[in-house]
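Hi,

Here is the model I promised to pass on. Have a look at it first, and my notes follow below.

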Amino acid sequence: MSRKIVLATDLSLSAKTVRSEGNIENSGPIPPKANSATTYTVVWSVQNSFNQVSSAEVRAVLPSYVRYTNLKSPESENLLYDETTKELVWNAGTILPNTGYGSGTKKVYFQIELIPSTSQIGTAPLIVGEATLVGTDKITGASLGVSSPAVTTNFSPDPTFKLNDDKVVQ
C-alpha cells in the first residue's frame with residue numbers, strides 16, 4: 001500500500017525601507033523635513049519553500065503624499081504604477097522552489113519620494129501601504145495569498161540609520 005501526500009508550498013513576502021542598500025541612489029534631508037522631498041528605496045522580497053508558484057503578483061497602494069519615481073532594480077523586473085489609483089503592481093511571475101531557502105530571495109527595489117506636511121512633524125509617515133502577494137501553487141493548484149505590513153520612513157534595517165532619522169522635522 002502506498003499513499004501520496006501533496007503539501008502546499010510556503011510562500012512569504014517581506015517589505016522594508018532602506019536608504020543605502022541596493023543600487024538606487026536616494027536624496028533629500030534625513031530626518032525628513034516638512035515640505036521638502038526625501039527619497040527612499042523600498043524592497044519587496046519573496047520566499048518560497050518547495051513547490052513552484054506561478055502568476056505571482058504583489059500589489060500595494062501609495063499614500064497621496066508619496067510619488068513613485070520610476071526607478072527600480074533590477075531593471076528587468078515588471079513593476080507597474082497606476083498614477084490614477086496610486087497602485088504599484090509587481091508581476092513577479094514564476095517563483096521557483098527553494099527561493100530564499102536554498103537560493104537567494106526574489107527581490108525588487110524601487111524608489112518613492114515623500115514630501116511630508118507640517119501635520120506629520122514628529123511622526124514616521126507611512127510610505128507604502130500593506131503589500132499583498134498572490135500566486136498559484138503549481139503542484140496543488142491552490143491559490144495562495146500572503147501579505148506584508150505597510151512600510152514607513154523607518155529604515156532601521158539600513159546601516160546608516162540613526163535614532164529618530166525616521167521622524168519628520170520642521
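**Salt bridges, sheet and a surface patch**

Glu-77 and Lys-106 make a salt bridge, with their closest N and O atoms 3.7 Å apart (a salt bridge being a side-chain nitrogen of Lys or Arg within 4 Å of a carboxyl oxygen of Asp or Glu). This pair links distant parts of the chain, since Glu-77 sits in the loop between strand 4 and strand 5 (78-82) and Lys-106 in strand 7, 29 residues apart. Strands here are DSSP runs of E, at least two residues long, numbered from the N terminus. Glu-77 is buried at 11% relative accessible area, while Lys-106 is partly exposed at 21% (buried is under 20%, exposed over 50%, partly exposed in between, with a 1.4 Å probe and protein chains only).

Before you read on: this is a predicted model, where local features need pLDDT of at least 70 and side-chain atom pairs count only at pLDDT 80 or more, whereas totals for chains, interfaces and linings use all residues. Residues are numbered from 1 along each chain as its sequence is written, and side-chain values use heavy atoms, with hydrogens and water left out.

Searching the whole structure turns up 6 salt bridges. Another of them joins Glu-87 and Arg-59 at 2.8 Å, N to O. Glu-87 belongs to strand 6 (residues 87-95) and Arg-59 to strand 3 (residues 53-61), so the pair ties together parts 28 residues apart in sequence. Both ends are partly exposed: Glu-87 at 23% and Arg-59 at 33%. Then there is Asp-166 with Lys-167, again 3.7 Å between the closest N and O atoms. Through shared partners, salt bridges also join Glu-57, Arg-59 and Glu-87 into one network.

On to the sheet: 4 strands form an open, antiparallel one in the order 1-2-7-4 (two strands pair if DSSP finds at least two bridges between them). Strand 1 and strand 4 (66-73) are the edges, each pairing on one side only. From one strand to the next the twist averages 25°. Inside that order, strand 2 (residues 38-48) and strand 7 (residues 106-114) pair over 9 bridges in the antiparallel sense. Look for Tyr-40 there, opposite Ile-112 in strand 7.

One last thing, on the surface: Ile-5, Leu-7 and Phe-50 form a nonpolar patch with about 340 Å² of accessible area together. Ile-5 comes in the segment before strand 1 (11-18) and is exposed at 70%. Patch members have over 30% relative accessible area and no salt bridge, with like charges joined within 9 Å and nonpolar side chains (Val, Leu, Ile, Met, Phe, Trp, Tyr) within 5 Å; accessible areas come from the Shrake-Rupley method with a 1.4 Å probe, and for residues only the protein chains shown count as cover.

Cheers

Terms used. Axes are lines fitted to C-alpha atoms, for helices over the stretch in contact, and angles run from 0 to 180 degrees between N-to-C directions.
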